[in-house]
Amino acid sequence: MSVPLALLGLLEREPSHGYDLKRDYDTYFGQGKALPFGQVYSTLGRLARDGKVTAGLSEPGDGPDRKRYAITPVGRREVEEWLSEPVAAEPYLQTVLFTKVVLALMLGRDAAAYLDLQRATHLRRMREFTQIKRTGSLTDALLADHGMFHLEADLRWIDVTQARLGALAAMVRES
């Protein structure tokens, strides 16, 4: 997740204080990992330095004076470019899974047992996502669906790899 671009997008919607940006970020994008206040303000500082946001005059409030941040035309162009670019199609966990399987085979360890353990871990996480879908908000459910689809793909890969472990082990031993 690109925190600076997410904050810019939130600012394109409307000028906001850092506190409001953190709240909105956590609501929509921070499931399981809230954005620290320090990161919000350091990111806003860099965005201001780079001419992507402006910091309005401090406003009196119930607490310390607060700055209202607004996106600039430079920031708007960056958000527009970012939103128009597709996300790179990258494997979710396959690279790590594949590396562990190959290394287990190279080192004479039980790769099948590792794959069984990984399958159990994925299934446990899928049950957690199912619970989130039952009890969470629409955004939580959509994010849980995304995670579940990736886990389902990994589970299919685990099954295919387990079926081909003998051939992979032979290939690894030959090299």
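In the predicted model, helix α1 (residues 3-13) has as its buried residues Val3, Leu5, Ala6, Leu7, Leu8, Leu10 and Leu11, where buried denotes under 20% relative accessible area, exposed over 50% and partly exposed in between, with a 1.4 Å probe and protein chains only. Helices (H or I, at least four residues) and strands (E, at least two) are DSSP runs, numbered from the N terminus. The cover over the buried residues of α1 includes β1 (16-17), α2, α3, β2 (53-55), β3 (68-71) and α4 (73-84), contact being defined as heavy atoms within 4.5 Å. Because this is a predicted model, local features need pLDDT of at least 70 and side-chain atom pairs count only at pLDDT 80 or more, whereas totals for chains, interfaces and linings use all residues. Residues are numbered from 1 along each chain as its sequence is written, and side-chain values use heavy atoms, with hydrogens and water left out.

Within α1, leucine 5 has a relative accessible area of 11% and is therefore buried. With neighbours within four places in sequence left aside, leucine 5 is in contact with Glu78, Val79 and Trp82. Leucine 5 also lies 9.9 Å from threonine 43 in space, C-alpha to C-alpha, at a separation of 38 residues in sequence.

Threonine 43 belongs to helix α3 and counts as buried, at 2% relative accessibility. Apart from neighbours within four places in sequence, the contacts of threonine 43 are Val3, Pro4 and Leu7.

Two packed helices are described by the angle between their axes and the distance between the axes. Axes are lines fitted to C-alpha atoms, for helices over the stretch in contact, and angles run from 0 to 180 degrees between N-to-C directions. The axes of α1 and α3 are 10 Å apart, and the two helices pack at an angle of about 80°. Helices α1 and α3 are therefore roughly perpendicular to each other; in this scheme, angles under 35 degrees count as roughly parallel, over 145 as roughly antiparallel, 65 to 115 as roughly perpendicular and the rest as oblique. On the α1 side, Val3, Pro4, Leu7, Leu8 and Leu11 meet Gln39, Val40, Thr43, Leu44 and Leu47 of α3. This contact of α1 with α3 comprises eight nonpolar, two polar and no charged residues, with Ala, Val, Leu, Ile, Met, Phe, Trp, Tyr, Cys and Pro counted as nonpolar, Asp, Glu, Lys and Arg as charged, and the others, Gly among them, as polar.

Helix α3 (residues 37-49) also packs with helix α2 (residues 18-29): their axes come within 10 Å and cross at roughly 115°. The crossing of α2 and α3 is right-handed; a crossing is left-handed if the near helix is turned anticlockwise from the far one by less than a right angle, and right-handed if clockwise. The residues that meet are Gly18, Tyr19, Leu21 and Lys22 in α2 and Phe37, Val40, Tyr41 and Leu44 in α3. By class, six residues of the contact of α2 with α3 are nonpolar, one is polar and one is charged.

Helix α2 also contains threonine 27, which is partly exposed, with a relative accessible area of 41%. Threonine 27 and threonine 139 lie 8.8 Å apart in space, C-alpha to C-alpha, although 112 residues separate them in sequence.

For helix α6 (residues 111-135) and α7, the axes come within 9 Å and cross at roughly 160°, which makes α6 roughly antiparallel to α7. The crossing of α6 past α7 is left-handed. The contact of α6 with α7 holds 13 nonpolar, six polar and nine charged residues. Threonine 161, in helix α7 (residues 138-163), is buried at a relative accessible area of 8%. Beyond neighbours within four places in sequence, threonine 161 is in contact with Val101 and Leu115.

Leucine 107 occupies the loop between α5 (94-106) and α6 and is exposed, with a relative accessible area of 55%. Leucine 107 and arginine 173 are 9.8 Å apart in space, C-alpha to C-alpha, and 66 residues apart in sequence.

Over the protein chain as a whole, there are eight helices and three strands, in the order α-β-α-α-β-β-α-α-α-α-α from the N terminus. Of the 175 residues in the protein chain, 31% are buried. Among contacts between residues at least 6 apart in sequence, 56% join residues at least 24 apart. The protein chain exposes about 11,300 Å², of which carbon and sulfur atoms supply 58%; accessible areas come from the Shrake-Rupley method with a 1.4 Å probe, and for residues only the protein chains shown count as cover.
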